[in-house]
Amino acid sequence: MIEHTLSLCYHNKLILAPMVRVGTLPMRLLALDYGADIVYCEELIDLKMLQCKRVVNEVLSTVDFVAPDDRVVFRTCEREQNRVVFQMGTSDAERALAVARLVENDVAGIDVNMGCPKEYSTKGGMGAALLSDPDKIEKILSTLVKGTRRPVTCKIRILPSLEDTLSLVKRMERTGIAAVAVHGRKREERPQHPVSCEAIKAIAETLSIPVIANGGSYDHIQKYLDIEDFRQATAASSVMVARAAMWNPSIFLKEGLRPLEEVMQKYIRYAVQYENHYTNTKYCLCQMLREQLESPQGRLLHAAQSSQEICEAFGLGAFYEDVTRELNARRAELLARTPEAVGEPAEDPSGVIKMAVKFDRRAYSPQITPKMCLLEWCRKEKLAQPVYDTVQRPLDRLFCSVVTVAEQKYQSTLWDKSKKLAEQAAAIVCLRSRGLPEGRLGEESPSWHKRKREATDQDPGGPRNQEQAVPGELCKKLFVALGSGEESPLEGW
């Protein structure tokens, strides 16, 4: 068994619960500011995390776990390192251990989601679906306890039978986990159903490890003093707060709740400083505003389409400009200090054909890209399809791609902001080197280009157009749901 090098204490703690789309770095830091002792990240799926690369972000002073599509899946920083718990969604012991080992040097604890009743979690046999498979639970927890250097916990819901619940948690305890968090509702119950303090109390009185009580936001917790009342009612070691903390993270403050305007401004500052995606920032602010979404400020937030516009809606326009200027200066300074980072990708330069080109969508015919042209030419010549090897520069997150066609490599020496753009540029280098059409406006279009356009013209509702419509529809549905008071999809379970 691997020795745990950091022992996170779960006794007498105030804890920010894991909440999908809410438990990102800005909210976790805000909760710590207001008195939380431990903060959980949102549930992150094992398969998604295993695709990520760990990147030290020197500009933000963070550690980022970045997906192949350049999306930051998990971001953390030194300030929370000893107090952040990484919660994963998993249904496989070996995958769970692989994820734990990927993140263990950057977090204080590892938690397994065994309580979320939502389909996005249960459909893969994760979350609350695990509660019906005690053998799998035991294997996952035992594997993690033996294989990682961080304390392991899990978060569950109660079973229909108290006897079955107690039998399960005793089996969990025997795996060597450090604590168990219990949401005092059954799998099918929702926040409007009363939380069972009695069930949590029975578990706490049965186990020798700390029990963390959760689920009290609707019935019990409206202010700081209510947290201790909930702890006493459940006989738990600690209390984990979800929705009450989402609505106002200053719930952890002994002196009492701070004005919401102040809390939101502080949240926005963290979001800008750590380059949180504006859609996530907007979502969290909407959760805080709740019934005020139709207020003038709520309408300004609703209309915001960038972090800058969110800042302007809250009187923080100058702050946004200052931080952006500072971060850009930091990037420039780091790049200047490390000239090797701005060189070419780690490819053997011999034999690589290079040009300084970029892909500008406006310069090309509708529905045609250089990559499409290159692929079609390879098919026509009975060659293997092009192979793209793309790398990302850590300091400024820009991309460069090398494409291999007929054993010859081609590359643009200009770096691009996305993997797709870099690949298009590499394709352009190949096509121009061979004197082939690349789809630019004014070029004589091959017959397959014409067929492509005709097919698109005849099918305006085809898959491509439908996909483009999805983000707007999702955004519209989200704010309709928030404005009508429907249950949000985050579910703090």
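## Contacts around L102

Contact here means heavy atoms within 4.5 Å. In this predicted model, L102 is in contact with M49 and F65, leaving aside its neighbours within four places in sequence. L102 is found in helix α3. It counts as partly exposed, because its relative accessibility is 25%.

## The chain as a whole

The chain has 493 residues, and buried residues make up 52% of them. Its secondary structure comes to 18 helices and 16 strands. The chain exposes about 22,800 Å². Carbon and sulfur atoms supply 50% of that area.

E104 is found in the loop between α3 (93–103) and β8 (109–114). Is E104 buried or exposed? E104 counts as buried, because its relative accessibility is 9% and the cut-off for buried is under 20%.

Its side chain makes a polar contact with the side chain of T148, at 2.7 Å. A polar atom of the E104 side chain also lies 2.9 Å from the backbone nitrogen of R149. Leaving aside neighbours within four places in sequence, E104 is in contact with T148, R149 and R150.

N214 has its place in strand β11, which covers residues 211–214. At 2% relative accessibility, N214 counts as buried. Which backbone atom does the side chain of N214 reach? The side chain of N214 reaches the backbone oxygen of M240, at 3.0 Å.

P117 sits in the loop between β8 and α4 (119–122). P117 counts as buried too, at 11% relative accessibility. P117 and G127 are 10 residues apart along the chain. Their C-alpha atoms are separated by 6.5 Å.

## Helices α10 and α11

Two packed helices are described by the angle between their axes and the distance between the axes. Helix α10 spans residues 260–273, and helix α11 spans residues 278–289. They pack at an angle of about 170 degrees, with their axes 11 Å apart. That angle makes α10 roughly antiparallel to α11, because angles over 145 degrees count as roughly antiparallel.

Which residues make the contact? From α10 come L260, V263, M264, Y267, I268 and A271. From α11 come N280, T281, C284, L285, M288 and L289. The residues of this contact divide into 10 nonpolar, two polar and no charged.

Most residues other than glycine have a negative phi. Against that background, two residues deserve a look.

E275 has a phi near 50 degrees, a positive value in a residue other than glycine. Its place is in the loop between α10 and α11. E275 is partly exposed, with a relative accessible area of 35%.

N12 has a phi near 55 degrees, again a positive value in a residue other than glycine. N12 lies in the segment before β1 (14–16). Is N12 buried or exposed? N12 counts as exposed, because its relative accessibility is 57% and the cut-off for exposed is over 50%.

Technical notes: Residues numbered from 1 in each chain as written. Predicted model: local features only at pLDDT ≥ 70, side-chain atom pairs only at ≥ 80, totals over all residues. Heavy atoms only, no water. Axes fitted to C-alpha atoms, helices over the stretch in contact; angles between N-to-C directions. Helix = DSSP H or I, 4+ residues; strand = E, 2+ residues; numbered from the N terminus. Parallel < 35°, antiparallel > 145°, perpendicular 65-115°, else oblique. Nonpolar A, V, L, I, M, F, W, Y, C, P; charged D, E, K, R; others polar. Buried < 20%, exposed > 50% of the residue type's maximum accessible area, 1.4 Å probe, protein only. Polar contact = N/O pair within 3.5 Å; in protein donor to acceptor, adjacent residues only side chain to side chain. Areas by Shrake-Rupley, 256 points an atom, 1.4 Å probe, with all protein chains shown as cover.
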